[in-house]
Amino acid sequence: MDTLQLLLNGFAAALSPVNLTFALIGCILGTLIGVLPGVGPAAGTAILIPITYKLDATGGIIMLCAIYYGAMYGGTITSVLLNVPGEAASVVTCIDGYAMAKRGRGGTALGIAAIGSFIGGTIATIALVVVATPLSTLALKFGPPEFFGLMLVGLCLVTGLAGRSLVAGILMTVVGLLLAMIGIDPVRGAPRYTFGVPDLYDGIGFIPVVMGLFGVGEILATAEHPIRDVVKTNFSRLLPNREEWRRSFGAIMRGTGIGFFLGLIPGVGAIIPTFISYIVEKRVSKHPEEFGQGAIEGVAGPETANNAYANASMVPLLTLGIPSSPTIAVLMGAFIINGVTPGPFLFAEKPDLVWAVIASFFVGNVLLLILNLPLVGLWAKILDVPYQYVCVGTLLFCMLGAYSINQSVFDIWVMIGFGLIGYLLRKLDFPLAPAVLGMILGPQLEKSLRTSLEMSAGDFSIFLTRPITLALLIISMAIIIMSALQMAPKEIREGSAD
Amino acid sequence: MKLGWGIATSCLLALFGMALWLAVWGSLPLNSRPLPMRDALGPGPGFFPIWLSTIGLSLGVLLLIQTVREPADRDAASLIPERAACMRIISILVLLAGAALALDPLGFRIAAFVFSVLALLALGIRSPLAILAFALAASVGIFHVFYHWLKVPLQIGPFDHLLKPLGL
């Protein structure tokens, strides 16, 4: 069956009343998560996984994906009205979005963000349709050494782009990988790091860890610094004028390209495309001095890149089984809980499901535009809810989500422990994304490494004799070296340049 | 860089790496069986963890050295939240722990209700009506949606026969 036929079948499934309802609920919940500061998309998606337990796999995954891109949309509202990003990728939007809101043009900022997000998301989904099948066919030819190399590239990118210290980034990756080692060894069945505790034989649950690091950790940080006042803005004029359209069009197109191509690379987080888009817009603008004072391109470009990235980052997940960000890692965990393993076999084994999910991205983008443009004032009202209620509600959902996976109080303890760890690591500027990706990729990385070495009877040269693996290892090394040079103190950089 | 905090974290991470490293070699009392590095089929269950914990341990030490050598450009005390914020954070953690302890013996509804009331009070909400309304919605409401509608198994607790006639 050709791609178009598969996509049409997918649309038939995605537009069925039941799945359409799931997509709508997912979009509403996702936008709500994005709007609420202190609840990021990773924690928000994790919290809402229990909702999908009793749904069929297609409906459940459609809803979770809608929550994900809904949260990417919703994060803009707090960036513009509060100067507080609802999710990390909306950080850049704070600069010009908030400046526009202070000048009474918050409605236009939110309007162009919604339109740009719609265009970026839709074009990225079209590109996803085009590249998904060839990429998954190519991935089917990959053996364990190639997968090991690919996962290593992903981890190196997350580590290298994570924060101010490369050592801290690698350390957090290692911590994540080690956490994944807890439990029964997947290859030989030997217990590791269980210390005689029966609850540890199944390993530490990924979802309670994410809820702790991103949910409880964020709530503790919010409790430390309660939210500031909301800027009152006029929502009667959402659509940009002719001049603003002219200035935004190029930004939206460039943002789409940047977001899509960076979304294809496993390991590039959602923040990078938005920053690159902002820098590009400032460079190409005829009025760079307006950036920071409320330039509409500074909102249109990054917001488009953000949503193009969100849709494109599904490509490595669906075709290679490699998550690009903590939120995508949570989605991957949710896929697995729903009995679906992302990766190259997904397109061959469950084409109905995967194409229904892809078609739902188009549907979700339309739903989000409808929800965001006319109802933006309603979403903004949510910001008036005192943070105390948001805190307590989120904590209860975290507790419920952690408990309901295995009906185990031990998972709640794991969540609380990682909540405190997440809060402290945040304060100490340690990046959390590498730990999360390390934890979700750990078992696969180990399996690929050990299977590769079994193939070669323990000879490490297997990684050097296969061209694709060798290329991937060189890329990994290059990423680490470039990151190290970038983060090195200025004197060392100047010394090496000399 | 926050010198004191950085050193403390590095030490903890280095210790963490060391503990895991020792655990692989069977040197910790509760993990007395060493994990083999290799077996007949190839790399054994200890192969990956030993490499990881060695890297982790080395990086912990490296970070510690980096932190000590780096000039302190921020007051370490600024990382400690002010008293009121500190109390809010401790209250949240203690109440979460209490809710976790109460979940199995009391059930979700009562544990969530008590948690909501105490957490809202700890965070500064003083309106009894608002607290009661929120706590009821957050406990009984969530239980109803998840347990009855979404069929998510939650702890019922010993007071179900008392709550049911009240429509809770």
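Figure 1. Taken as a whole, chain B averages a pLDDT of 80, and 73% of the residues score at least 70. Where pLDDT is low, the predicted coordinates should not be read in detail. For the complex, the predictor gives an ipTM of 0.88 together with a pTM of 0.84.

**Figure 2. The contact between chain B and chain A.** Chain B brings 58 residues to this contact, and chain A brings 49 residues. On the side of chain B that touches chain A, two or more residues come from each of helix 1 (3-24), strand 2 (42-43), helix 2 (47-69), helix 3 (83-106), helix 4 (108-122) and helix 5 (128-149) of chain B. Helix 2 of chain B supplies the largest share of that side, namely 12 residues.

**Figure 3. Helix 18 of chain A beside helix 5 of chain B.** The axes of helix 18 (residues 387-406) of chain A and helix 5 of chain B come within 11 Å and cross at roughly 30°. Angles under 35 degrees count as roughly parallel, and helix 18 of chain A and helix 5 of chain B are therefore roughly parallel to each other. The crossing in which helix 18 of chain A passes helix 5 of chain B is right-handed. From helix 18 of chain A, the contact uses A:Tyr389, A:Val392, A:Gly393, A:Leu396 and A:Leu400, while helix 5 of chain B contributes B:Phe134, B:Ala138, B:Ile142 and B:Phe146. Of the residues in this contact between the two helices, eight are nonpolar, one is polar and none is charged.

**Figure 4. Helix 4 and helix 12 within chain A.** The axes of helix 4 (residues 57-82) of chain A and helix 12 (residues 297-312) of chain A come within 10 Å and cross at roughly 170°. Angles over 145 degrees count as roughly antiparallel, and helix 4 of chain A and helix 12 of chain A are therefore roughly antiparallel to each other. In helix 4 of chain A, the residues A:Tyr68, A:Tyr69, A:Met72, A:Tyr73 and A:Thr76 meet A:Glu303, A:Asn306, A:Asn307, A:Ala310 and A:Asn311 of helix 12 of chain A.

How values were computed. Residues are numbered from 1 along each chain as its sequence is written. Chains are lettered from A and ligands numbered from 1 in the order in which they are written. This is a predicted model: local features need pLDDT of at least 70, side-chain atom pairs count only at pLDDT 80 or more; totals for chains, interfaces and linings use all residues. Axes are lines fitted to C-alpha atoms, for helices over the stretch in contact, and angles run from 0 to 180 degrees between N-to-C directions. Helices (H or I, at least four residues) and strands (E, at least two) are DSSP runs, numbered from the N terminus. Angles under 35 degrees count as roughly parallel, over 145 as roughly antiparallel, 65 to 115 as roughly perpendicular and the rest as oblique. Two residues are in contact if their C-beta atoms, placed from the backbone, lie within 7 Å. A crossing is left-handed if the near helix is turned anticlockwise from the far one by less than a right angle, and right-handed if clockwise. Ala, Val, Leu, Ile, Met, Phe, Trp, Tyr, Cys and Pro count as nonpolar, Asp, Glu, Lys and Arg as charged, and the others, Gly among them, as polar. pLDDT is the predictor's confidence in each residue, from 0 to 100.
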